[in-house]
Amino acid sequence: MTQKLLYKLIAQETLHKLEKYCLLIGLFFIPITNGFSSRVHFLDDPFHFFIYLGIYLIIFESIRYRVSISRMAMIFIIVFTIWQIICLILGLYAFPYFDEMNPNQFSNLQSTINKWNNWGIPLNTIDAENLAFLTKGIKTIIIKSNRLFYIAFYIYHLYKNDFKKGFQDFRFVILLISIIMGLYSVIELAWLKFNSPSAQAILTFLNSFLLDPGIAYGWWPPLLWPHQLRSIFREPSYFGIASLFILPFLWSYIIEKKHVVLSGFFITYFTLMIFATNSRTAVILTFIACFLLLFSIAFVRQKEFTKSVLLIEVFTVYAFGFNLIQFHSISQSTIISAISPNFFIIIFSLFILFLTIQLSQKVQKKPPMKYVLVSIIILSVSSACLFGIKNSDIKISALYTTGLKISTQIQSYIKENVLSVNGLGQRSNGARYAIFYAQCNTTKEHPIVGVGNGLTSAYTYHHLPTYSINNPEVIGWNKVLLEKGFYHSSYPAVNKYTLLAAENGLTGLLIYLLPFIYFFVILFTTAKSRLLVKIHPQLVLLAISLFCLLAAGLSSAKFSELTGILLGLLFCALHVSRNNQN
């Protein structure tokens, strides 16, 4: 009986199910792992735990059933791994900062020296430090640096013959994640938009338990984050980057005409959450994603797709407008004073949103006139209530004030969250540029092979520009770096690509980007891919998301594994296309 059960558990079909469950459960834990405290979940890193568990199952399956593994994927991973190890070895050989390191900052350094000496191999302090860096570097390369490619291979293994099923599985989990984010952010928006003391008290209680306030640098993440929404993540930019992965899956409900009314409201709400982060990365890339979605109309060339895209764009405009409303500024003393320009924006937007959603249900037909007439009547009544019908001067004045206020709010928002990326004195630009400058200079000195994985901190410290010495953020980073040492600490990865280039040279950066370059070249240059897009327009949404997440790497290395998820799904689509053509 036990033997029969064991054979059933290791049956190939059962293994496939287990692999799929591990992948989807891991995906569900992405925001929790990167937001909630380890007190909340039963594992220190549940996302990667389930991913690696699934990968081990794939390895077992390939051995037990001799499953063929993508040769190109294996060659790429091996080449990239070997190149990183070569860069690390050469970097350690040329590393000039060993004399600045405190041996006491290395754990068990003396015991390692004694162990090797007992084996008859003489080992001094610098040799032991080299060995520690080499061991840690190789472990990081194999387990962390290649992780997004493992995930891409994992997804390709499961869904290479059924892209549509893969897309639906991921969308279901992502919908659950986004609903959890949305529910949590209801409290957050009540605090941010309405200055609700009750919401602030609830947030304070929840965040003190769910997060680890002040776990890094003595203040990060803060218990409350004023003026910026972060949902269940530790900082607004984290939520913003993750949302670039989530949003296209939500858009697909409109593309496929599924639950259009509910989907429309939720997409509007979720997009509002993105704009409420006031995160420059999130806001700029959301605008870019919407522009690319609009541009994709010319690529897909389908009437229904065009209508759906325009509807999504309208939802985005609504979300942007709603986010500009400062509800706490609306006077409540009298009914007349409550009917302020802000209130006009609410009424106007609600009516237009109502009209658009109603029309979207009839997207196959000519827009019904009854909805248009109802909207015109309601809008007219609203305008009359707002401005009054007794005094035309009051109407004109109120209309002018409303337009001026909207224009000012838009300009202020764009200046603060888009244009502020330019200029060292804007927000965190000075600290970010300091790291960027130092890593670029490191790459300039070591353009081919870089300095090796885990060794960039010392080079960055010595290449920081003069102006950054007095920058508060840089001072904090330097303090932690010098206290813990180059081995145990590093600077924040504010740019994925300058970090990669500094570690592995421009050659390593090119190797890393090759799969992404290959996909986009195939997508835009082959006829079969254009045919596939017409059959599966979701492919366009995933491609837009992938592009935006790659662009997000210019400001953060966070969530790079999400590009692996998208890459795996997109290669599944190309595989299905190739098989169908054959």
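Modeller: Axes here are lines fitted to C-alpha atoms, for helices over the stretch in contact, and angles run from 0 to 180 degrees between N-to-C directions. The model is predicted: local features need pLDDT of at least 70, side-chain atom pairs count only at pLDDT 80 or more, and totals for chains, interfaces and linings use all residues. Residues are numbered from 1 along each chain as its sequence is written, and side-chain values use heavy atoms, without hydrogens and water.

Biologist: At what angle do the axes of helix 2 and helix 9 cross?

Modeller: Two packed helices are described by the angle and the distance between their axes. Helix 2 (residues 12–28) and helix 9 (residues 163–194) have axes that cross at roughly 30° and come within 9 Å. Helices are DSSP runs (H or I, at least four residues), numbered from the N terminus. So helix 2 is roughly parallel to helix 9 (angles under 35 degrees).

Biologist: Which residues of helix 2 and helix 9 meet?

Modeller: Contact means heavy atoms within 4.5 Å. Leu23, Leu24 and Phe28 are among those in helix 2; Phe170, Val173 and Ile177 are among those in helix 9.

Biologist: Which residues touch the most other members of the largest nonpolar core?

Modeller: In soluble globular proteins, nonpolar side chains tend to be buried together. A nonpolar core is a set of buried Ala, Val, Leu, Ile, Met, Phe, Trp, Tyr and Cys residues joined through side-chain atoms within 4.5 Å; buried means under 20% relative accessible area (1.4 Å probe, protein chains only). Here the largest has 129 residues, and Phe170, Phe245 and Phe519 touch the most other members. Helix 11 (residues 236–255) gives the largest share, 13 residues. Apart from this core lies another, of 25 residues, including Trp477 and Tyr491.

Notes: Helices (H or I, at least four residues) and strands (E, at least two) are DSSP runs, numbered from the N terminus. Angles under 35 degrees count as roughly parallel, over 145 as roughly antiparallel, 65 to 115 as roughly perpendicular and the rest as oblique. Buried means under 20% relative accessible area, exposed over 50%, partly exposed in between (1.4 Å probe, protein chains only).
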